[in-house]
Amino acid sequence: MFRKKSLAEVINDLRSNENIVHWHEIEPQEARYAPIPESVDTRIKAALAKRGIEQLYSHQYSAYQAVAKGENIVAVTPTASGKTMCYNLPVLQAIAADDTSRALYLFPTKALSQDQKSELNEIIDEMGIDIKSFTYDGDTAPTIRQIVRKAGHIVITNPDMLHSGILPHHTKWVSLFENLKYIVIDELHTYRGVFGSHVANVLRRLKRICKFYGSNPTFICTSATIANPKELAEHLTGKPMRLIDDNGAPRGRKHFVFYNPPIVNKALNIRKSASVEVNHLATDFLKNKIQTIVFARSRVRVEIILSHLQELVKNQLGSKSIRGYRGGYLPNQRREIEKGLRAGEILGVVSTNALELGVDIGQLQVCVMTGYPGSVASTWQQAGRAGRRHGEALIVMVASSTPIDQYIVNNPDYFFDRNPESARINPENLIILVDHLRCAAYELPFKETEEFGTLDITDIMEYMVEERILHKNGDTFYWANQSFPANTISLRSASQENVVIVDQSNVANVKIIGEMDRFSAMTLLHDEAIYLHEGVQFQVEKLDWEHKKAYVREVDVEYYTDANLAVQLKVLEIDKTNARKKTALNYGDVTINAIPTIFKKIKLTTGENIGYGPINLPEEELHTSAAWVELREVDSDIGIKTLEQLLLGIANVLRHIVPVMVMCDRSDIHVVSQIKAAHTGHPTVFLYDHYPGGIGLAEDVYKRFDEIKEAAKNLIGKCLCEDGCPACIGTEIIGINGKRRSMRLLEQF
Amino acid sequence: MSGLRDKLLRLRSSQTAQEERQAGLVSQPEVEAVQAQKPLEEAVQAGPPAAPSESPEETLSPEWEEMGVRIVQSTEGAFLVRESRYPLMHRHGIHELTELAEVQHSLDSFRKPENADPGYANLLFLDLETTGLGVGAGNVPFMVGLAYAQDESFIVEQMLIRHPAEERAMIGYLSNLLPSFTHLVTYNGRTFDWPVLYNRFILHGFRTFQWEPIHIDLLHPSRSVWRNTLVSCKLSHVEEERLGITRKDDVPGSLAPAIYFQFLADGKAAPLLGVFEHNEIDMLSLAALAIRFGHLLGGNLGKGPVPMPQEVEELLRTGLWLEKMGKTELAEPLFAAVAEHPRPTRKCLCMLAERDKKCGNWQRAVILWQKAVEDAGSRAGRHDYEAHIELAMYYEHKTKQLDEALVLAEEAYEIAQRRLAGLRLQGKRRAELELLRKRIERLQKKLIKYSS
């Protein structure tokens with residue numbers, strides 16, 4: 001007879017599991033309260049009382065008080081600590097006090113906007129005040145758009161819609177912009193990198209329009225835990241910010257454990273699949289009726305784990321009690337799952353990082369991650385899904401065989417002791433800045449003396465006059481072009497001209513499955529390339545370079561392709577140099593010229609080369625910023641051939657470690673090693689931003705190079721392989737004592 | 001500060017930049033005198049700075065004068081106006097501008113319930129030439145064409161701004177002029193010309209500007225009447241096909257923005273004449289079209305210059321439109337003509353039958369359906385099918401002629417199968433066919449019941 005174990009028992013059993021490599025406990029915390037301020041409208045107080053809220057958590061109180069004083073704030077709170085109250089309370093109070101007040105809410109996705117609207121409308125109904133809150137996005141019916149524009153007290157939208165649907169049509173939104181008191185930016189931490197740099201410029205445009213209509217709104221931001229919330233918020237909004245981080249929400253004890261699957265192939269250092277281990281662990285929890293969330297990194301992986309779990313527990317539990325959750329599900333379906341989780345009817349959910357964002361699903365008991373989510377901040381957000389206000393919670397991270405995962409589980413201190421990553425943006429990236437200056441000039445004429453960000457833009461404006469985009473008369477620049485600039489500028493894509501990937505497997509249903517920047521497309525989407533999309537293999541039948549389309553068809557083959565890219569790197573300008581004993585670290589502008597040469601077909605199981613073919617594509621040029629380290633003196637005992645191999649190995653390690661350290665995607669930063677750099681003749685390793693003009697990643701590498709160097713050494717040192725594996729310095733340098741010598745070389749960097 | 005520009009050029013494309021620099025196309029940026037900073041809103045509302053050449057008695061170059069353009073000065077600045085006066089006897093295509101006075105009261109049918117009755121009609125025709133498409137804040141109407149009748153003349157008044165800074169003066173002028181009119185007549189003005197112009201009032205700070213005329217957008221009736229008879233409902237096509245207007249050496253409206261931008265760049269005024277003339281003819285055609293619809297509403301179809309439509313569909317749609325405008329008494333003879341037409345189309349028969357069914361005229365509806373069902377050959381299409389179904393319903397429920405109904409339903413089923421052969425049956429099609437199958441079954445059961 002199967003006897004159900006309690007969570008405490010399950011945790012206890014787990015303690016003796018030999019695959020657990022680290023066990024971390026987070027102490028519980030009592031709630032800290034403050035009274036609801038006197039100034040809050042009695043109708044709001046009554047509505048809160050109905051929901052059992054008689055007092056505020058300390059951070060909600062501080063947020064309210066700071067906003068009341070007219071300060072811009074950024075509130076940093078963990079998942080499920082009542083952060084929406086930080087902005088809803090001041091906003092509702094402002095509208096209750098003055099019916100003409102308006103607020104604009106920005107959420108990174110449409111789904112979050114919908115959630116927020118329902119939550120907000122519930123409170124508003126209970127307040128008994130006629131406050132109209134609407135979402136305004138691509139799904140808003142044309143018939144109600146006019147009502148939203150004229151009468152919406154709270155307009156809930158996303159940055160993309162603000163950029164192309166609201167700001168260029170600001171004359172239709174007079175009542176909003178004239179009376180705008182608050183701009184709420186939720187999930188602030190998602191605005192980083194290229195997207196964040198775009199959004200910062202969209203906010204500059206928004207502030208410009210507010211000024212035109214005579215309003216000066218206060219910003220209320222909320223963010224998950226990152227290292228630099230205040231800095232990010234100030235950079236994004238261009239306003240001084242007060243940081244609110246005195247979280248007063250209670251929490252129970254949390255156990256955070258790292259699980260490393262056993263090694264199955266010693267020589268190649270290959271471990272048992274993380275998904276298989278996750279299936280076992282999660283089955284155990286679910287059979288004991290412990291509410292569990294499983295995170296996986298791709299949609300396909302979610303579906304695979306989901307079907308396994310449903311199969312494994314089908315006798316004990318109905319299949320409806322375990323559900324999947326990912327982008328691509330219909331909104332109604334998602335609402336139903338969220339509700340089921342809150343009510344406890346759904347016992348398990350398998351999700352992509354879609355559930356990382358602030359969707360309300362209540363608090364679960366166990367969180368299982370299939371692999372390291374990619375950043376410290378993201379990991380903490382997923383972990384936050386487990387943990388009720390009282391009682392214990394368990395978080396299990398199951399490592400995969402990738403270098404980053406192995407590095408994290410073998411260096412638990414790295415993860416637990418360090419602050420989460422900083423989120424960086426570079427709104428002054430020239431390409432992005434110019435795009436938004438065009439939009440801004442379309443919206444309102446520019447005065448010569450007007451500011452837009454920190455750069456002096458006169459020069460850019462004059463350039464656009466020459467290009468006949470603007471017309472200058474007196475001291476004013478006017479838009480003078482037939483186009484509608486916002487339509488051609490996407491906030492989310494990496495570079496302007498992406499290659500669209502067209503799946504023509506089904507002739508009757510040809511569809512676009514994704515896009516890729518031009519530079520990466522050269523090596524990943526050339527003719528005959530095998531392209532992996534959500535775990536499915538596609539072969540590229542034709543890359544139409546002129547029209548930027550790659551036509552692919554689904555295949556099932558035993559190999560992958562690997563293209564050789566001949567890269568030339570020219571240093572244009574050295575901005576900063578840091579000379580060390582035998583090396584020099586530099587930061588500056590570079591030009592990259594790349595031309596793909598050939599591709600190899602490599603057998604999946606054995607890694608052997610089973611064929612090759614040519615790639616015929618024109619050369620691409622990229623101007624960006626880079627950090628590079630040059631070896632001015634090399635130990636005499638290292639031959640040139642060996643040095644070249646060692647540098648390749650180090651580049652491989654940096655490629656793994658840098659995205660973790662600077663919080664970006666693997667494709668955002670590229671690493672290239674050269675035995676003889678063109679400008680000095682020295683052996684050099686370059687790390688460059690893979691976006692025209694750079695987005696600040698290389699600069700961060702420059703600033704934190706020592707930290708990165710240590711992490712790289714650590715990764716090589718702790719790797720269990722004998723002398724190089726794909727998880728560290730690669731497999732091509734066996735037999736020269738590569739690991740030890742790489743570490744010694746890194747020492748001198 | 002040439003560093004930024006260089007960097008930008010480098011990022012955009014180093015090659016082109018280099019070529020341009022070598023060709024001397026990119027001049028060195030000039031050092032601009034530092035100017036006192038003014039907040040934006042103040043600056044925008046303060047109007048353009050007076051350029052040295054703009055003294056109060058500024059005279060225009062002969063180039064402009066040849067086009068018949070004069071300068072208008074106000075405290076807010078200057079802009080240009082070109083005025084063309086036509087005697088009311090002027091004939092534009094098949095219509096004469098005097099007819100405008102005759103039809104004016106008929107146009108009152110366009111008044112919506114929410115419009116107050118101004119008691120008199122003072123029509124303003126409006127057509128913009130803009131720098132772009134869409135109704136965003138950056139789309140500037142560089143030319144505003146107005147037309148109205150005054151005393152014994154029809155006046156076309158076209159405003160032009162020589163650069164964007166003159167717009168404020170023009171908008172100020174319009175804010176005084178527009179409210180003296182009771183009706184606004186446009187072509188696609190509801191979604192384009194008016195919203196674009198209204199944006200400009202807001203952008204230039206005329207927040208209190210209020211004008212709520214009776215807006216007659218002639219695109220809507222044009223579509224109602226000519227939707228399938230003309231290949232396009234563009235004004236230039238409608239005027240040619242139905243108003244007897246031919247344009248000579250017309251500069252297409254789509255070229256207007258490019259011509260204006262060229263003028264902004266080189267200051268040569270002459271090419272703008274083509275835009276003025278194009279816009280002027282648009283204004284006259286707008287008046288002619290208003291006359292045409294006025295005649296229709298006034299019961300003058302088939303009289304004077306307005307011929308009876310040749311094609312049965314235009315005849316029918318004219319009737320349907322008149323009925324929608326509250327002129328059922330004018331529509332009835334047209335419907336009768338459709339019903340009696342020697343070469344009707346099944347589609348028109350069905351459309352009219354549908355209308356008759358809605359207002360309870362079953363008698364004619366049945367005759368029309370029967371006509372549509374006759375000679376249902378192999379080319380039977382959608383409307384034939386529709387007529388079968390409608391008749392089957394009528395016989396089953398109204399007259400209880402069950403056997404007739406069954407025959408029609410079965411024929412409908414055959415038509416449907418022929419039409420849908422080879423197509424995937426999904427959604428609506430499947431549901432429709434399923435419904436038909438049920439009807440047949442029901443009719444068969446009823447027949448058995450009644451015969452026993």
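**Figure 1. Pairing of strands S19 and S21 in chain A of the predicted model****.** Strand S19(A) and strand S21 (residues 476-479) of chain A run antiparallel and are joined by two bridges. Within this pairing, Lys447(A) stands opposite Thr476(A) in S21(A). In general, the strands of a sheet pair through backbone hydrogen bonds, in either a parallel or an antiparallel manner.

**Figure 2. The open sheet of three strands in chain A****.** The strands follow the order S19-S21-S20, and their pairing is antiparallel. Strand S19 (446-447) and strand S20 (470-473) of chain A each have a single partner strand and stand at the edges, so one side of each is left without a neighbour in the sheet.

**Figure 3. The crossing of helices H2 and H5 in chain A****.** The axes of helix H2 (residues 42-50) and helix H5 (residues 110-127) of chain A cross at roughly 115° and come within 8 Å. This crossing of H2(A) and H5(A) is right-handed. On the H2(A) side, the residues in contact are Arg43(A), Ile44(A), Ala47(A) and Lys50(A); they meet Ile123(A), Glu126(A) and Met127(A) in H5(A). Classified by residue type, the contact of H2(A) with H5(A) comprises four nonpolar and three charged residues, with no polar ones.

Figure 4. Is Thr523(A) buried or exposed? Thr523(A) has a relative accessible area of 19% and is therefore buried, the limit for this class being under 20%. When residues up to four places away in sequence are not counted, Thr523(A) touches Ala563(A) and Leu565(A).

Technical notes
Residues are numbered from 1 along each chain as its sequence is written. Chains are lettered from A and ligands numbered from 1 in the order in which they are written. This is a predicted model: local features need pLDDT of at least 70, side-chain atom pairs count only at pLDDT 80 or more; totals for chains, interfaces and linings use all residues. Side-chain values use heavy atoms; hydrogens and water are left out. Axes are lines fitted to C-alpha atoms, for helices over the stretch in contact, and angles run from 0 to 180 degrees between N-to-C directions. Helices (H or I, at least four residues) and strands (E, at least two) are DSSP runs, numbered from the N terminus. A crossing is left-handed if the near helix is turned anticlockwise from the far one by less than a right angle, and right-handed if clockwise. Contact means heavy atoms within 4.5 Å. Ala, Val, Leu, Ile, Met, Phe, Trp, Tyr, Cys and Pro count as nonpolar, Asp, Glu, Lys and Arg as charged, and the others, Gly among them, as polar. Two strands pair if DSSP finds at least two bridges between them. Buried means under 20% relative accessible area, exposed over 50%, partly exposed in between (1.4 Å probe, protein chains only).
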